Amino acid sequence: MPAEQPKLETIDDLIGLWPSDADFGRDIGIKPNHVGVMKLRKKISSEHWPAIREAAARRHNEDPSKGFDRVNGDLLLDIHAHMASLTS
């Protein structure tokens, strides 16, 4: 039976796919402290979305079991809609 994939509903869930915040930051070309800002704001600027999709694809190729294949534009939209609903 395949391992259960982690839920991906929040910014923390998405970033949590990576081994660390620093790895996420390096993979998408930002400083690790900026990752902390994203998590505090509960928002990732859409300018980073292409880099996130590309980084997730690379990670998926390295280890298909981690769930990186679920990271796409629709997921990013869904996460941001979910986060907006929590703050409204």
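# Exercises on a predicted helical model

The largest nonpolar core has 22 residues, and Leu14, Trp18, Phe24, Ile44 and Ile52 have the most contacts inside it. A nonpolar core is a set of buried Ala, Val, Leu, Ile, Met, Phe, Trp, Tyr and Cys residues joined through side-chain atoms within 4.5 Å. Buried means under 20% relative accessible area, exposed over 50%, and partly exposed in between (1.4 Å probe, protein chains only).

The model is predicted: local features need pLDDT of at least 70, side-chain atom pairs count only at pLDDT 80 or more, and totals for chains, interfaces and linings use all residues. Residues are numbered from 1 along each chain as its sequence is written, and side-chain values use heavy atoms, with hydrogens and water left out.

## Exercise 1: two packed helices

Describe how α2 and α3 pack.

Solution. 
Step 1. Two packed helices are described by the angle between their axes and the distance between the axes.
Step 2. For α2 and α3 the angle is about 105° and the axes are 8 Å apart. Axes are lines fitted to C-alpha atoms, for helices over the stretch in contact, and angles run from 0 to 180 degrees between N-to-C directions.
Step 3. α2 and α3 are therefore roughly perpendicular to each other. The cut-offs are under 35 degrees for roughly parallel, over 145 for roughly antiparallel, 65 to 115 for roughly perpendicular, and oblique for the rest.
Step 4. From α2, Asp21, Ala22, Phe24, Gly25 and Ile28 meet Pro32, Val35, Met38 and Lys39 of α3.
Step 5. These contact residues divide into 6 nonpolar, 1 polar and 2 charged. Here Ala, Val, Leu, Ile, Met, Phe, Trp, Tyr, Cys and Pro count as nonpolar, Asp, Glu, Lys and Arg as charged, and the others, Gly among them, as polar.

## Exercise 2: aromatic pairs

How many aromatic pairs does a search of the whole structure find?

Solution. 
Step 1. Rings of Phe, Tyr and Trp (its six-membered ring) pair if their centres lie within 6.5 Å; planes under 30 degrees apart count as stacked, over 60 as edge-to-face and the rest as tilted.
Step 2. The search finds 2 pairs. In one, the ring centres of Trp18 and Phe24 are 4.9 Å apart and the planes stand at 80°, so the pair is edge-to-face.
Step 3. Trp18 and Phe68 also form an edge-to-face pair, with 4.8 Å centre to centre and 80° between the planes.
Step 4. Trp18 lies in the loop between α1 and α2 and Phe68 in the loop between α4 and α5, so this pair ties together parts that are 50 residues apart in sequence.
Step 5. Trp18, Phe24 and Phe68 form one aromatic cluster.

Methods: Helices (H or I, at least four residues) and strands (E, at least two) are DSSP runs, numbered from the N terminus. Contact means heavy atoms within 4.5 Å.
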